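Thanks for coming. I will go through one model today, a few elements at a time, and then stop.

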Amino acid sequence: MKARPHPSLFLCAWWRSREAKLLIKEVTVNWRGLTSTSKYFFTLGERPHLSTWKRLFWRLILLTAGLLGLLLYGIPVVRARPEVLTCTSWGAPIIWDGTFDPDVAQQEAIQQNLTIGLTVFAVGRYLEKYLGRFLETAEQHFMVGQRVVYYVFTERPAAVPRLPLGPGRQLRVERVFRQRRWQDVSMERMSTLHAALGGQLGREAHFVFCMDVDQYFSGPFGPEALAESVAQLHSWHYHWPRRLLPYERDTRSAAALAQDEGDFYYHAALFGGRVRALRQLTAHCARAQRRDRARGLEARWHDESHLNKYFWLYKPAKILSPEFCWSPEIGRRAEIRHPRLLWAPKEYAFVRN
């Protein structure tokens with residue numbers, strides 16, 4: 001969802017057509033739920049051949065029309081988070097609490113009549129341990145008021161809890177084969193998602209989010225997160241210098257990044273975007289994993305390593321702050337105002353046995 005120009009821009013163009021000297025400069029505006037990086041204001045020069053009363057008359061017209069535009073379209077709201085980075089070097093917004101208007105984002109999504117997919121893998125003991133809470137909290141917080149279709153991938157479809165769903169929300173269960181190692185479950189996810197996006201999921205959803213099951217929603221996760229491609233800042237690494245980020249460094253791997261490469265470290269527990277963009281992402285990662293496997297290699301952090309390589313090559317259109325996927329073990333931080341998604345306790349000895 002792109003920021004749109006405020007009506008006063010058209011007013012500026014109209015005044016210029018009156019051959020007044022118009023200078024466009026900078027003002028931050030909030031429009032359609034996002035803070036626009038486009039900035040402007042204008043000053044009026046004098047026209048020597050106009051009489052004083054004519055200048056006064058046109059300035060009153062300008063003031064009246066400007067006030068009318070504000071009443072009709074809303075007063076621009078400046079939302080700032082000076083203590084955090086809110087825009088990347090390539091112009092993608094980093095979404096923090098306070099940098100968007102959730103009501104405006106919600107209304108625009110409703111007007112577009114969107115269907116949003118949410119995929120999750122619940123294999124082995126992950127199903128009993130985490131899936132029920134994940135789905136229950138998703139019903140409370142994920143894209144409330146929108147059409148949503150949940151896709152649960154599991155080797156035991158009959159064990160998936162059948163929860164009451166709100167209007168316009170559906171649950172679909174897809175069978176997958178259980179892998180011998182938990183690492184293989186993670187590594188096969190990209191291939192499975194690529195196939196699903198090329199099938200029914202891709203036909204019925206406009207946007208899709210892919211999430212890990214061992215987490216739960218704790219706050220509103222709405223249309224402000226939608227974009228062509230969406231990456232999630234890793235809550236443990238978002239403040240680390242690049243040289244310390246856990247990228248794959250083995251140059252033999254397709255996921256490898258050099259010491260001077262990488263923008264941020266992204267978490268594979270949450271990524272998303274339009275179906276076409278996700279098809280490209282999952283195809284790239286699945287292909288890179290097959291290449292590594294043929295060479296007897298396995299990336300340090302499995303599909304997450306390949307995801308970070310992909311987002312280095314193809315920059316995400318929007319980045320979610322750690323508020324959208326936070327680990328309570330880190331504790332309180334001043335910049336984390338309202339977490340949307342929280343990591344559940346990691347009981348690896350139980351779920352990976």
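**Strands, core and salt bridges**

Let me start with β11. Ser-229 and Ala-231 point one way from this strand, Val-230 and Gln-232 point the other way, and all are buried. Buried means under 20% relative accessible area, exposed means over 50%, and partly exposed is in between, with a 1.4 Å probe and protein chains only. Helices (H or I, at least four residues) and strands (E, at least two) are DSSP runs, numbered from the N terminus. In a regular strand the side chains alternate between the two faces of the sheet.

Before going on, the provenance. This is a predicted model, in which local features need pLDDT of at least 70 and side-chain atom pairs count only at pLDDT 80 or more, while totals for chains, interfaces and linings use all residues. Residues are numbered from 1 along each chain as its sequence is written, and side-chain values use heavy atoms, with hydrogens and water left out.

Which strands does β11 pair with, and in which sense? With β12 the pairing is antiparallel, over 2 bridges, and Ser-229 stands opposite Gly-273 there. With β13 the pairing is parallel, over 3 bridges, and here Val-230 stands opposite Lys-318. Two strands count as paired if DSSP finds at least two bridges between them.

Next, the core. The largest nonpolar core has 77 residues, and Phe-142, Phe-209, Met-211 and Phe-221 touch the most other members. Helix α4 (residues 125-141) gives the largest share of this core, 7 residues. By nonpolar core I mean a set of buried Ala, Val, Leu, Ile, Met, Phe, Trp, Tyr and Cys residues joined through side-chain atoms within 4.5 Å. Leaving aside neighbours within four places in sequence, the contacts of Phe-142 include Ile-116, Leu-118, Val-148, Arg-169, Phe-209, Met-211 and Phe-221. Contact means heavy atoms within 4.5 Å.

Met-143 has a positive phi of about 50° although it is not a glycine. Met-143 sits in the loop between α4 and β7 (147-154) and is buried, at 0% relative accessible area. Asn-113, also not a glycine, has a positive phi of about 55°. Asn-113 belongs to the loop between α3 and β6 (115-121), and is partly exposed at 46%.

On to helix α8 (residues 303-313). How many of its 11 residues are buried? The count is 9, so the helix is mostly covered. Among the buried ones are Asp-303, Glu-304, His-306 and Lys-309.

Last, the salt bridges. There are 15 in the structure, each a side-chain nitrogen of Lys or Arg within 4 Å of a carboxyl oxygen of Asp or Glu. Arg-340 and Asp-97 form one, at 3.6 Å from N to O. Arg-340 lies in the loop between β13 (318-320) and β14 (341-343), Asp-97 in the loop between β5 (94-95) and α3 (102-111), 243 residues apart. Both residues are buried.

Arg-293 forms a salt bridge with Glu-188, also at 3.6 Å between the closest N and O atoms. Arg-293 is in helix α7 (residues 275-294) and Glu-188 in helix α5 (residues 182-197), so this pair ties together parts 105 residues apart in sequence. Arg-293 is partly exposed at 43%, and Glu-188 is partly exposed at 27%.

Arg-274 meets Glu-228 at 3.4 Å, N to O, in another salt bridge. Arg-274 is in strand β12 (residues 270-274), and Glu-228 is in the loop between β10 (215-217) and β11 (229-232), 46 residues away.
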